[in-house]
Amino acid sequence: MTNLIKADGIVKNFGIIEALKGMDLEVPRGSITGLIGPDGAGKSTIMKIVLSLLKRDSGMISVLSVDPDKDKASIRQHTGYMPETFSLYTDLTVEENLKFYSQIHKVGRNGYSEKRDRLYRFSRLEPFSGTRAGNLSGGMKQKLALSCALIHDPELLVLDEPTTGVDPLSRQEFWNMLHELQNRGITILISTPYMDEALKCNYIFMMHRGKVVEKGAPVSLIKDFSENLFEFEVPGKRPQEYIDLLKEIFSGEAVFLSGKRVHAVLTGISDYEEVKKRVISSDAAFQVKKILPELEDLFISRILSEDTNETFR
Amino acid sequence: MKPSGDTTIIIKNLIKKFGTFTAVNNISFSVKKGEVFGFLGANGAGKTTTIRMMCGLLEPTSGDIHVGGISVRKTPGKVKQHIGYMSQKFSLYADLNPAENMEFFGSIYGVPAKVISDEKKKLADRLELSSLNRIKTQDLPMGFKQRLGLTCALLHDPEVIFLDEPTSGVDPLGRRNFWKEIYTLSTKGKTVLVTTHFMDEAEYCDRIAIMNFGRIIDIESPDSLKEKYSSVNLNDAFIRAIKLDRENSEDL
């Protein structure tokens, strides 16, 4: 599969802040590729560089076979962008927003009605065509923003955290729409903080402080996780009550909360019986399981090796 | 109705209408002292309207709200002393430095100067910053901002703390440290109400209320919710709960 985006060693600084510290990115044509990570990881910065909205300091990048810094017009024509903050006109109606975006993309009056109707079928927003965008629910705003980003039939869609702050059901509906677009051949680059969405991507780049800490297809990443992951539980107790004890027992290892339980990636010991013996000698109520990782376990074990000074303390 | 010793929040038959639209449609629930209570719902389900009424910021159309023994309807101004509010997105002034933010929030709640200066020292030690005056809040790392936000929300020692999507944008380690702190607060008797769209975080709550179309459709522990909707995780349980409620509403 050819890469629609290929970037090597992208560096971008804002004053003293190093937003991207030499990032590589490959987005295969027709894929949904995810940038996964918290705020400040560099997700929006690399997207803006892809879209020719920001200039890189150094590194090489090709998007749709051109250098975005050199051929902005071509990039703008063939890409659709949904920025992180809601960017539509809240006092315009749904229909007026679609029309406005069609005009700035020079869609042409004849093409417009057909495209609008197709987008209405896709988004099911037609009953709300006269509603002001500001009065739509969160989920519907996302659908409208997506429709506006699609009005000029782009080959590449760049979506910056489109589902942040959106409830799980609306997120599921939004992803169904993305898969429909993928089936039509559109390539999608999307960022998200939600691991359940990362699983729905063909490829992911896990980002932390301007660097890619892990990349690949989610399923293979999980399959290839070679460390030993254990899960601990004390029935009837909250995990916060016994995590410190586990941190003491396995000092120097990655020990962290996971929902109602505690997970630990153990490099020192791999033997289940040995792990069990150690925790039971501290508290007989411990239940221990050796488990397969989820993406969040993988992400945490990767970033724990980095400097963690900036997290909540 | 007076709350009993171990109940901090009592909501009874609460209704809020905006014109012909019923945003909150006759909800009742209570929250125990020290409970971590999750407030979930689809966007537009009525969560924010409910929280704003509980904080005394919005007058209910009808119904009763008691927070920390105060009738919010009778004395909406008084309840603010009993509530701390933190939102990852909005609660701090970005162009003030951390010390100024603490002074600001401390002074609007009438916190004694001595308490504010003690808290400043504690925070500086905790963050290992030599000074809280030399950096603007907007330039702090995300995790530090979050700690500052929580500190400001707790300066006046409220009984109840509202956390409105408190971990949005925070890295997975920071989110875990935050939830450990929330647990510590709850063991000290603080009642915690939290909204979040991270369903793995909702697992840390003692009970969860799910709202849809202005009504509460479930109040259960995370485990009972998963069991009720035969789901492996809360994300799945949430989706099933809302879908089922929508189907039932359409049948009527």
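Since the model is predicted, local features need pLDDT of at least 70 and side-chain atom pairs count only at pLDDT 80 or more, while totals for chains, interfaces and linings use all residues. Residues are numbered from 1 along each chain as its sequence is written, chains are lettered from A and ligands numbered from 1 in the order in which they are written, and side-chain values use heavy atoms, with hydrogens and water left out.

Let's start where the chains meet. Chain A brings 39 residues to the contact and chain B brings 49, with contact meaning heavy atoms within 4.5 Å. Together they bury about 3700 Å², and carbon and sulfur atoms supply 59% of that; buried area here is the accessible area (1.4 Å probe) that two parts lose on being put together, summed over both. Five salt bridges cross this interface, each being a side-chain nitrogen of Lys or Arg within 4 Å of a carboxyl oxygen of Asp or Glu. Have a look at Lys180(B) and Asp244(A), whose side chains form a salt bridge at 3.1 Å, N to O.

H6(A) gives the most, with six residues. Helices (H or I, at least four residues) and strands (E, at least two) are DSSP runs, numbered from the N terminus. By class, this side of chain A has 14 nonpolar, 13 polar and 12 charged residues; Ala, Val, Leu, Ile, Met, Phe, Trp, Tyr, Cys and Pro count as nonpolar, Asp, Glu, Lys and Arg as charged, and the others, Gly among them, as polar.

Across all chains there are 42 salt bridges. One of them is inside chain A, where Glu173(A) and Lys143(A) bring their closest N and O atoms to 3.5 Å. Glu173(A) sits in helix H6 of chain A and Lys143(A) in helix H5 of chain A, so the pair ties together parts 30 residues apart in sequence.

Stepping back, chain A is assigned domain 1 (3–218) and domain 2 (226–292), with bounds taken from an automatic or database domain assignment. The C-alpha centres of these two domains of chain A are 40 Å apart.

Now over to chain B, which has an open sheet of four strands in the order E2-E1-E4-E5, paired antiparallel; two strands pair if DSSP finds at least two bridges between them. Strands E2 (21–32) and E5 (70–71) of chain B are at the edges with a single partner strand each, so one side of each has no neighbour in the sheet. Going across, E1(B) (residues 7–18) and E2(B) pair over nine bridges, with Phe18(B) partnered by Phe21(B). Their hairpin has two residues between the strands, and Gly19(B) there takes a positive phi near 60°. Next, five bridges join E1(B) to E4(B), and Ile11(B) has Ile65(B) as its bridge partner. Finally, E4(B) (residues 62–67) and E5(B) pair over two bridges, with His66(B) opposite Ser71(B).
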